[in-house]
Amino acid sequence: MRNYILYALGAGAMFILARDINLIAGFPQEASQGAIFKIIFFHVPMAITAMLCSFVALCASIAFLATKNFKYDAIAVAVTEVGLAFLAGNLITGSIWARIIWGVWWAWDVRLTSALVCWLLYAGYLMLRRAIEEPTQRATFAAAFSIFAFIDVPIVYLSIRLFRTQHPGPVFFSSNGSFPPDWSAAIFGPLGTMMAMMMLATIFTCVRLTQENFQRELDSLRRMAHAM
Amino acid sequence: MNLLAHSLLLAQVSPDDVAREIGRLQRNYQFLSYGLTVAWIVVVIYVLMMVSRERALKREIANLKAMLEERHR
């Protein structure tokens with residue numbers, strides 16, 4: 001039953017993405033930036049999905065430290081890995097956009113640097129997990145590290161509000177930005193790219209949770225093998 | 001009036017300007033396609049990584065189970 005739900009979610013996400021790509025292709029070009037501006041329809045949803053994953057990882061890590069229930073540890077590692085993949089997509093699409101608009105692939109401004117630091121911190125979280133053998137110690141250290149890593153997420157979000165950056169100021173969730181309503185709907189509407197990304201992230205997280213269950217089974221089998 | 005303004009503007013545009021603008025638009029589209037392709041490649045690579053990891057986990061579990069059963073006998 002669970003697999004059927006995941007397949008249905010996957011098919012739904014693919015349908016929404018195909019519909020959105022068709023819709024976005026029909027939009028006119030942005031006046032000053034041209035066609036490259038349309039990358040925003042994937043760049044922003046990837047960033048928001050990654051941030052939501054970080055928030056879920058924070059909640060799961062706190063829940064693990066409070067309850068010592070390994071279910072929360074599995075959720076934390078699953079969403080962190082999925083968020084890392086989406087953040088990587090966000091950084092790369094942003095870099096391609098920057099090459100056209102700024103003339104450089106990368107600028108060391110606060111938004112870009114804090115996002116890169118965020119990616120490195122969560123990559124460090126996954127590396128830390130690989131470095132510790134004992135499951136309880138691994139989960140405890142990883143949960144503490146995840147809480148520490150989340151400190152960077154508000155910095156990424158607020159960087160374009162608090163500092164003057166090469167990265168443009170806030171367009172969404174701000175009174176300064178202006179975006180045509182039909183363009184906003186293509187991102188945040190019920191059939192927007194944001195919804196498709198969230199569905200993909202949910203599927204990936206569920207698959208990763210299954211793999212974490214396999215990993216736990218493997219750990220217990222290894223312990224049995226050592227004990228014999 | 002509008003027609004006159006357009007005609008005056010067109011008179012100022014040289015073939016070099018048109019060629020430059022076409023080049024800029026093509027470069028824009030090229031980089032947009034790079035961006036979309038990369039976004040998809042990231043997702044596909046991640047899916048492939050998950051599939052290979054699941055296969056490896058299942059193989060290792062099967063091997064360990066077989067080894068444990070053999071030791072029991």
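**Entry 1: Lys68(A)**

I counted 13 other C-beta atoms within 10 Å of Lys68(A), which is therefore partly exposed. A residue would need 20 or more such atoms to be buried, and 12 or fewer to be exposed. I then looked up where Lys68(A) sits, and found it in the loop between helix H2 (40–67) and H3 of chain A. I also noted its backbone: Lys68(A) has a positive phi of about 60°, although the residue is not a glycine.

**Entry 2: chain A as a whole**

I looked up the secondary structure of chain A and found 8 helices and 0 strands. Along the sequence, the pattern reads α-α-α-α-α-α-α-α. The C-alpha atoms of the chain fill a box of roughly 70 × 40 × 30 Å along the principal axes. Of the 228 residues in chain A, 37% are buried. I next checked the contacts in chain A with a separation of 6 or more, and 73% of them join residues 24 or more positions apart.

**Entry 3: H2(A) against H8(A)**

At what angle do H2(A) and H8(A) pack? I found an angle of about 45°, with the two axes 9 Å apart. Angles from 65 to 115 degrees would count as roughly perpendicular and those under 35 as roughly parallel; H2(A) and H8(A) are therefore oblique to each other. Their crossing is right-handed.

I then listed the residues that meet. From H2(A) they include Phe41(A), Phe42(A), Pro45(A) and Met46(A), and from H8(A) they include Met194(A), Met197(A), Met198(A) and Ala201(A). By class, the residues of this contact are 10 nonpolar, 2 polar and no charged.

**Entry 4: the side facing chain B**

I turned to the interface, where 28 residues of chain A are in contact with 26 residues of chain B. Helix H3 (70–101) and helix H8 (193–227) are the elements of chain A that give two or more residues to this side. Which of them gives the largest share? I found that H8(A) does, with 12 residues. The side of chain A that touches chain B has 18 nonpolar, 5 polar and 5 charged residues.

**Entry 5: confidence**

I looked up the scores last. The predictor gives the complex an ipTM of 0.78 and a pTM of 0.86. Chain B averages a pLDDT of 83, and 99% of its residues score at least 70. I keep one caution: where pLDDT is low, the predicted coordinates should not be read in detail.

Conventions
Residues numbered from 1 in each chain as written. Chains lettered and ligands numbered in written order. Predicted model: local features only at pLDDT ≥ 70, side-chain atom pairs only at ≥ 80, totals over all residues. Helix = DSSP H or I, 4+ residues; strand = E, 2+ residues; numbered from the N terminus. Contact = placed C-beta atoms within 7 Å. Nonpolar A, V, L, I, M, F, W, Y, C, P; charged D, E, K, R; others polar. pLDDT = per-residue confidence, 0-100. Axes fitted to C-alpha atoms, helices over the stretch in contact; angles between N-to-C directions. Parallel < 35°, antiparallel > 145°, perpendicular 65-115°, else oblique. Left-handed = near helix turned anticlockwise from the far one by under 90°.
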